[in-house]
Amino acid sequence: MEQRTNVTEFVLLGLTQSLQGQKILFVVFLLIYIVTMVDNLLIVVTVMVSPTLGAPMYFFLGYLSFMDAVYSTTITPNMIIDLVHEKKTISFQACMSQLFIEHLFGGAEILLLVVMAYDRYVAICKPLHYLTIMNQRVCILLLLLAWVGGFLHALVQLLLALNLPFCGPNVIDHFICDMYPLLKLACTDTFFIGLTVVANNGGICVVIFVLLLISYGVILHSLKKLSQEGKRKALSTCGSHITVVVLFFVPCIFIYVRPPSTLPIDKSLAVFYTVITPMLNPLIYTLRNAEMKSAMKKLWNRKRE
């Protein structure tokens, strides 16, 4: 622990060293961040004020959008600012804070996707008991479990990072503070810590991804019992959920389900699940959901009156 005090800040190399490339990325990511915040906060407000969106599915969707907004804010603004600064530094404390918050919200979001899959299973496979099973108390409890799970996951990451000795160099070939780049800088044997990181990140991602695919497989198999209209609505909703699950999990699995190391493609994949996915999630859910689109139109018309 004594050695760690030798490093008080890290230098982030970012996505590119090209000045022209940095200017282009500044404009692109600024637009993406604005769209992400507007879309996600619009969903949060719509769910909160629309009486027609009282179903548990929209309760969870509202919190998913809230998580996406905060998750994006943890990473994207810093990345945008760094694109216009010649020297991209982050203090040790800020690096640890970013690591904790990104894994807190990322972990909670993964578990919330599991909760949303369970909600769809109950709605489609046990429709007569849906409101009894998914009552307000159960919904709040499931949401709390997602937050607690995310907190424990992030706490493990933070404790592992805090116990790494950093004695130089302090250059991170990334645009965020994450475990694999930090392991690369640690001046100690990180083999066992690396295995813990793989289990805490990659292992969890694979297990939950497989469980989600199985659950949606069961749901899709049960659709034959529904009417044509019921099938259409269920397919539309499940299609949105499955798309979001794949977009979030596939890059995470590629990055974390391997021996601790950094590859050039990691930064591009990290951009996808930290910047692009939070922007796409609300678009995927709203474009395929007639009730959500209708509620947004009513909210817009109410504001214009």
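**Entry 1: salt bridges**

I began with the charged pairs and found that the structure holds three salt bridges. For my count, a salt bridge is a side-chain nitrogen of Lys or Arg within 4 Å of a carboxyl oxygen of Asp or Glu. I keep in mind that side chains of opposite charge can pair when their charged atoms come close.

A note on what I am looking at: this is a predicted model, where local features need pLDDT of at least 70 and side-chain atom pairs count only at pLDDT 80 or more, while totals for chains, interfaces and linings use all residues. Residues are numbered from 1 along each chain as its sequence is written, and side-chain values use heavy atoms, with hydrogens and water left out.

I looked up Arg 120 and found its side chain in a salt bridge with that of Asp 119, at 2.9 Å from N to O. Are these two residues buried or exposed? Arg 120 is buried, with a relative accessible area of 9%, and Asp 119 is buried too, at 1%. My cut-offs here: buried means under 20% relative accessible area, exposed means over 50%, and partly exposed is in between (1.4 Å probe, protein chains only).

Next I went to Asp 173, whose side chain meets that of Lys 267 in a salt bridge (2.9 Å, N to O). Asp 173 sits in the loop between strand E3 (171–172) and helix H6 (179–185), and Lys 267 sits in helix H9, so this pair ties together parts that are 94 residues apart in sequence. The helices (H or I, at least four residues) and strands (E, at least two) in my notes are DSSP runs, numbered from the N terminus. I noted Asp 173 as partly exposed, with a relative accessible area of 45%, whereas Lys 267 counts as buried at 13%.

**Entry 2: helix packing**

Two packed helices are described by the angle between their axes and the distance between the axes. The axes I use are lines fitted to C-alpha atoms, for helices over the stretch in contact, and the angles run from 0 to 180 degrees between N-to-C directions.

I took helix H1 (residues 19–49) and helix H2 (residues 56–83) to start: they pack at an angle of about 160°, with their axes 9 Å apart. H1 and H2 are therefore roughly antiparallel to each other. By the cut-offs, angles under 35 degrees count as roughly parallel, over 145 as roughly antiparallel, 65 to 115 as roughly perpendicular and the rest as oblique. I marked the crossing of H1 and H2 as left-handed. That word applies if the near helix is turned anticlockwise from the far one by less than a right angle; if clockwise, the crossing is right-handed.

How do H2 and helix H5 (residues 136–162) pack, and at what angle? I found about 25°, with their axes 11 Å apart, so H2 and H5 are roughly parallel to each other. H2 passes H5 in a right-handed crossing.

I then compared helix H3 (residues 92–125) with helix H7 (residues 191–221): the axes come within 10 Å and cross at roughly 15°. H3 and H7 are therefore roughly parallel, and their crossing is left-handed.

**Entry 3: a surface patch**

I found a nonpolar surface patch of about 360 Å², made by Val 206, Val 210, Ile 214, Val 218 and Val 257. Patches are made of residues with over 30% relative accessible area and no salt bridge; like charges are joined within 9 Å, and nonpolar side chains (Val, Leu, Ile, Met, Phe, Trp, Tyr) within 5 Å. The accessible areas come from the Shrake-Rupley method with a 1.4 Å probe, and for residues, only the protein chains shown count as cover.

I picked out Val 257, which is in the loop between helix H8 (228–256) and helix H9 (265–287). At 39% relative accessibility, Val 257 counts as partly exposed.

**Entry 4: single residues**

I found Asn 78 in helix H2, partly exposed at 36% relative accessibility. Asn 78 and Ile 90 are twelve residues apart in sequence and 9.4 Å apart in space, C-alpha to C-alpha.

Leu 223 is in the loop between H7 and H8, and I noted it as buried, with a relative accessible area of 5%.
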